[in-house]
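Please open the model in your viewer and keep the sequence beside it. The tour below moves from one selection to the next.

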Amino acid sequence: MSIESQKIIEIIQYIGFAGLMIPGIAVFFIPDLRKKITLLFILFVFTTILSFVFYSGILLFIASLAFIFVFALLFLLTEQLSHNSSGSPLPSSDTGGSHTRIIAVKILNIIIPVLFCTGLGYLIYKLTGEYFPADNGAQGISINTMEEITGCIFAKYDISIFLIVSAALISFIWFTVILVTGRKTKESAINE
Amino acid sequence: MSSGLVFYMAMILFLISVFGLFVSADIVSVFIAYQLMVAAAIINFLNFSIYIEIGQLWTKVFLIIGLLTIYLLAFAVFFYIYSNTEVLERKTIIKDYRLFRLEKSDWWGEDNI
């Protein structure tokens, strides 16, 4: 691979990471649900760009088939919630008390997770600092095709079975929980 | 970009998602935080798969099946919430889902300001 191509790929990687980090931080400070969904879509676009840069475009094509349905349903849910709330901000438990106290609590609720994440990041950095070899990220490139992936799935499907069984187990637990919760909610609604 | 740098970028992405899980109050933000975590995991898998000659294909197959499973479960969760918005109250859907919430009373006892 030529140096120009490597440089272009590196620049696209930096753009991809910046596109993931900036909306990723901004999404937690925007109160409007619709804007959050827009930022989620931007995150998804940059994840796809990064997967192309890592020579795995087919991976995100297949995963997007499932993600599109989730995204559409989440968009409908957000529209419904935004319509019901008529643009009012989300209820927060930080309300109550004096104005100074509310600001102090809000700042503390941001600063303490930041300190926690910084400490965690420093720990990971220190523990993995000597692990990575000095490389230029250009060797061993191979682009897998759809035929290879489907052939691999049909040849050895032990991991597929493991994942499907795990999904079935988690779905069973989830639907059992929501059925019980839904029944209790309906009973409490009837009693009221 | 070297594999180490990509790993640290993905680590920062993961830490942003952890920060989001602590800070975000509504369920949409929590889902986006999980989405960031999934993105960090994808980047790490793909980053290391480039430098592993054997098993490169299996990494992608595993990622495809894993992502399909995650999104199908997310679809089930959202379908339940969406189909029950009339039964459940809105407050229970958009209530405060924060994992971490600091109140003054957590440190100095009950306060009645």
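This is a predicted model: local features need pLDDT of at least 70, side-chain atom pairs count only at pLDDT 80 or more; totals for chains, interfaces and linings use all residues.

**A stop beside a helix**

Select Tyr55(A), which sits just after H2(A) and takes a positive phi of about 60 degrees; helices here are DSSP runs of H or I with at least four residues, and strands are runs of E with at least two, numbered from the N terminus.

Residues are numbered from 1 along each chain as its sequence is written, chains are lettered from A in the order in which they are written, and side-chain values use heavy atoms, leaving out hydrogens and water.

**Where the chains meet**

Now show both chains: 88 residues of chain A and 77 residues of chain B take part in the contact, which means heavy atoms within 4.5 Å. Between chain A and chain B, the rule finds zero salt bridges, a salt bridge being a side-chain nitrogen of Lys or Arg within 4 Å of a carboxyl oxygen of Asp or Glu. Six helices of chain A, H1 (3-26), H2 (33-53), H3 (57-85), H4 (99-128), H5 (146-155) and H6 (158-191), each supply at least two residues of the side that touches chain B, and H3(A) gives the largest share, 16 residues.

**Confidence**

Finally, colour chain B by pLDDT (the predictor's confidence in each residue, from 0 to 100), where the average is 76 and 69% of the residues score at least 70. The model scores ipTM 0.73 and pTM 0.74.
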